[in-house]
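Please look over the sequence and the model shown below before reading on. The paragraphs after them go through selected parts one at a time.

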Amino acid sequence: MGGTVYDHFGETLPGANVYIKDQQSVGTTTDLDGNFQIRGNVGDVIVFAFVGYDPVEYPVTKEEKNIVIRFRESSLLLDDVVVVGYSVQKKSVMSSAVSRVTGEDLDMGNPTNVQNALKGKVSGVQITSNSGQPGDDSKIRIRGTGTVNNSNPLYIIDGMPNSEGINHLNPSDIESIEILKDAASAAIYGARGANGVVLVTTKKGTQGAKATLNYEFTYGFQNPARNVKLLDSQNYQMLMNEMAANSGKDLYFPTPSSVNTDWQKELTNRNAPVTNHKLSISGGSENSTYFLSFGYLNQSGIFAKGYSDYERYNARLNHSTILMDAKDRNWLNKVTFGSIISYTHSKFTGGEIDNNEASGLIASMNMLPPTETIYQDNASVLEQYALSYPNYIKDKNGRAYNIINMNEINNPFAAMQVRNNTRKIPQVFSGNFNLDVDVLPGLKFKTTAGMDWTFTSDKRVTPEYDLNTTNKNTLSSIVDEKIEARFWQWENIVTYTKSFGVHNLTLLGGTTMSSYHLSNLKGTDYDLLVADIDKGYIDIAAGDRTLERVEGKAEDHRLASVFGRVNYNYDEKYLFEAVVRRDGSSNFGTNHKYAVFPSVSAGWVLSREGFMDNRPGWIDFIKLRASWGQNGNENIGAFGYTSMMSMGNNAVVDGQVLTGAKTSGYVNSDLKWETSEQTDIGIDLRFLGNALTFTADYFHKKTKDMLLEVALPEYTGFKTMKVNKGSVKNEGVELEASYRFKIDQVNLRVGANASYVKNTVTDIGDERIGIDILGGGLGGTVTWMETGKPYGFFYGYVHDGIFQNQAEVDAHVTADGTPKQPNARPGDVRYKDLDGKDGITGEDRTMIGDPNPDWTYGFTLSAEWKGFDLYAFFQGVHGNDVYRFYRRANITYANWDETWLNRWHGEGTSNWMPRVVEGDPNNNTTWVSNLFVEDGSYLRLKVLQLGYQLPSHILRKAFIKNLRLFAQGENLFTITNYTGIDPEVGTRNGFDGGTYPQARTFTFGANITF
């Protein structure tokens, strides 16, 4: 028999499963044109199945060659199954706030890491890349920054919590990701759910499906998406001479230099390659399923060639088998065993190129003068190097690098060679085993045992070097550290499901216990026989044995919990859910070791009411829902409730050194859980035959009893003590919409989401607590937290224009005639005297910027036509500020960016950018002020992909099921007013001292299925 399968649009549907009912081993799948052929007998029932649709059963009454099957459009989306804590639920009867990203949507754009793939795809979730360096993590915030401590969400991978996050996963292995955003959905995870929960479900095989082999290969090349507009040599020399004149000094360049080094260009690894291989085999028999995958990623960095590379291997096996299926009884009639085993091996080559204005690679790139050369070839200068800098650095060809004396800023090519000889290799092995038992009709028992082992090798080799006068190392060294982390978890869950007419009830109860142990051993030795990372072992050191150092530490954590959940709905019209969880954590003392976290939610499906029977035909579904609950945060570190001992407090008694120890902190045995309480109100709508969907949520989340360090009287002997004192509030709105439609032969889909979040630190006492400071000897704190302000706000002086002449300087005085800025001259910044007394002091500082975006959004456009497909994904933020600090005032010879061409250089020339002057006597650029605050809003075309799927009649001859070729661009353009290298600053709360930027990548690939 044969025929064709169509989707709800009337388009042929490739990849649909076709099999004989009760004989799943007899089956096939539709080809690229939706056609199928299958052998059967009269009286058989053919089952047609596809993800997102209800199965269709077709009785065979005669031999047929042209069976036509059309999936009903009403089954699409509405009854999608969503993964929630410890079970799944139909989306139509959920009463909590959960967002879902399918594996198909996640894998669009061929992402190299999961966090980047999630960015902009889910409302209420802000994902900011820490940097564009390969393998680096992102900062994820679900419904705002929920605590001043650790605000990271809880990651659950196939039921197992994972402290390593999700970046080590192969994105192509993921079936779906669910984000539990409100307290009701996350309450089942109790003590760990305060910052939201990310549930990752990996792919599995299909029961009764034939083996399917899929291979995908991609190759791409990367370049910086944008550059900092730094001054060239001519403009730099012009400003340096102007600075000398303003400072009363001789010209720095009385004779123009012909050197014009573009450090940004020289440090860029042009067309840095990225290669990705992904192979999977999946299928199943009548009683088992399997999914086996392998992945390999090799990505070079766009800066620091050879010193910012990332390599990753992934392997995974998901398997399940029915051990017993006794159809002749209804008790203990089915037992299923499942196993999930995975392994990840990563390698980071070179050190982290962090956001650092003091001495980072990007900071050096921004500040190095274009009049300096990379290499030094002058023989007389090299003779001086041999005397003053005997350990000056040469490249692999023996050519000497130029020595540049600018304090911590030095020649980055030499610095990379001696400071970035690092190699970090994390290995993650996971095993998860479960047994499902059907005890009685509706009653199921599941026990799961899972284990994670993480082994990390971290090596650093440092040779002897002379980078400049202040950056020297006279003794080579090796640091070799081994870190081992072990985690196990055992869970037991009982679920009972029963329907009594229109009453539908599900009860779930369970226990979980887990243990985490980390230990490390770190050795340091000196005077290496050879300074080579490939020979980076302790025994290559020949130094004085007394210099050797060996150190280690350990961490432990235990968690034991009981939990329960009740789900009830009346005719899928009135919905109710209640959750309670009791957790016990080793992070707290006996006074507060246990805590209870409850939640409740309810929903009303108006579209199922009788009075809605006569509603317009274009309205398909209306659901109102509301929830309230409490979640905890126990991620505060171990033993904070008791006093630890610190070594190294030695004393000399009678000429003998005695080892001493003392308590490391003041004891607070009453430390307790941080608690997040959240209210959510939402609406879900479906229109036009479920083609148009819309979801909106309002939430109010407050975290209380945050852990803070408070000052102690000096007589205690300690400076601070941990207490439960602070609170933070996040309030906002989330919107999601999607629309599927067809124009002639073109299938189109539009999706969009947007989130508004207002963050406020509501109580940390009367203190203003600093977070991120200016480095490089400048002092001054940029980001702060304070009661009534958003977390991480910028705090500094307010720029009030430029003094245009001496008369304006003389007029800027206090009531008694004292100059407010005694060192000011024409061309300097005039600061606002906010308190109106004593001139310009620290009391005149105020909030000058907010790094938290008001809006986070993303939208997708996709189209399919006759084998061609087009996908575009846009992502952005609005309403946040970035503090851009690219030039240190205490580095006289540092370069400027082009904004300084608009500096004040005479009356009326500028009222914003000050004059250039050595030493910065008026603190124009030394003080933290809004001179450096810029709008960080941006809209970015994250992915644009064009693909083509070859016709099945061509592939069939080569025994190929599917073959798709595609090309894509990533980060093709960014619309922003920000003048820095990248408006996406994930570290240091929006303080950009030199962030490794995102890459613009062009990728070509092929996906083939057999």
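This is a predicted model: local features need pLDDT of at least 70, side-chain atom pairs count only at pLDDT 80 or more; totals for chains, interfaces and linings use all residues.

Residues are numbered from 1 along each chain as its sequence is written, and side-chain values use heavy atoms, with hydrogens and water left out.

The 14 residues of H4 should span 20 Å at 1.5 Å a residue, and the end C-alpha atoms are 20 Å apart, so the two values agree. The expected span is 1.5 Å times one less than the number of residues in the helix. The buried residues of H4 are Ser233, Tyr236, Gln237, Leu239, Met240, Asn241, Glu242, Met243 and Ala244. Here buried means under 20% relative accessible area, exposed means over 50%, and partly exposed lies in between, with a 1.4 Å probe and protein chains only. After H4 comes glycine 248, with a positive phi near 75 degrees.

Side chains of opposite charge can pair when their charged atoms come close. A salt bridge is counted when a side-chain nitrogen of Lys or Arg is within 4 Å of a carboxyl oxygen of Asp or Glu. The structure holds 47 of them. In one, arginine 903 pairs with glutamate 242, with the closest N and O atoms 2.7 Å apart. Arginine 903 lies in the loop between strand E48 (881-884) and strand E49 (933-935), and glutamate 242 in helix H4, so this pair ties together parts that are 661 residues apart in sequence. Arginine 903 and glutamate 242 are both buried.

Another salt bridge joins aspartate 158 to arginine 316, with 3.6 Å between the closest N and O atoms. Since aspartate 158 lies in the loop between strand E13 (154-157) and strand E14 (160-161), and arginine 316 in strand E20 (residues 309-325), the pair ties together parts that are 158 residues apart in sequence. Both aspartate 158 and arginine 316 are buried.

Aspartate 697 and arginine 625 also meet through their side chains in a salt bridge, at 2.7 Å from N to O. Aspartate 697 lies in strand E37 (residues 692-711) and arginine 625 in strand E31, so parts that are 72 residues apart in sequence are tied together. Aspartate 697 and arginine 625 are both buried. Salt bridges with shared partners join Arg143, Lys181, Lys623, Arg625, Asp680, Asp684, Asp697 and Glu734 into one network.

Strand E31 (residues 619-633) also holds leucine 624. Leucine 624 counts as partly exposed because its relative accessibility is 34%. Apart from neighbours within four places in sequence, leucine 624 is in contact with Ala602, Gly603, Trp604, Leu606, Gly682 and Ile683, where contact means heavy atoms within 4.5 Å. Leucine 624 belongs to a nonpolar surface patch of about 530 Å², made together with Val502, Tyr570, Tyr574, Trp604 and Phe611. Patches are made of residues with over 30% relative accessible area and no salt bridge; like charges are joined within 9 Å, and nonpolar side chains (Val, Leu, Ile, Met, Phe, Trp, Tyr) within 5 Å.

Now turn to helix H8 (residues 412-419), where 6 of the 8 residues are buried. Those residues are Pro412, Phe413, Ala414, Ala415, Met416 and Val418. They pack against helix H5 (263-267), helix H6 (361-367), strand E23 (443-462) and strand E24 (465-466). At the start of H8, a side-chain oxygen of asparagine 411 reaches to within 3.1 Å of the backbone nitrogen of phenylalanine 413. In the loop between helix H7 (379-388) and H8 is asparagine 407, whose phi is near 60 degrees, a positive value in a residue other than glycine.

The last stop is threonine 422, in strand E22 (residues 422-440). Threonine 422 counts as buried because its relative accessibility is 9%. The side chain of threonine 422 reaches the backbone nitrogen of glycine 351 at 2.9 Å.

Methods
Helices (H or I, at least four residues) and strands (E, at least two) are DSSP runs, numbered from the N terminus. A polar contact is a pair of N or O atoms within 3.5 Å; within protein, one must be able to donate a hydrogen and the other to accept it, and residues adjacent in sequence count only if both atoms are side-chain atoms. Accessible areas come from the Shrake-Rupley method with a 1.4 Å probe; for residues, only the protein chains shown count as cover.
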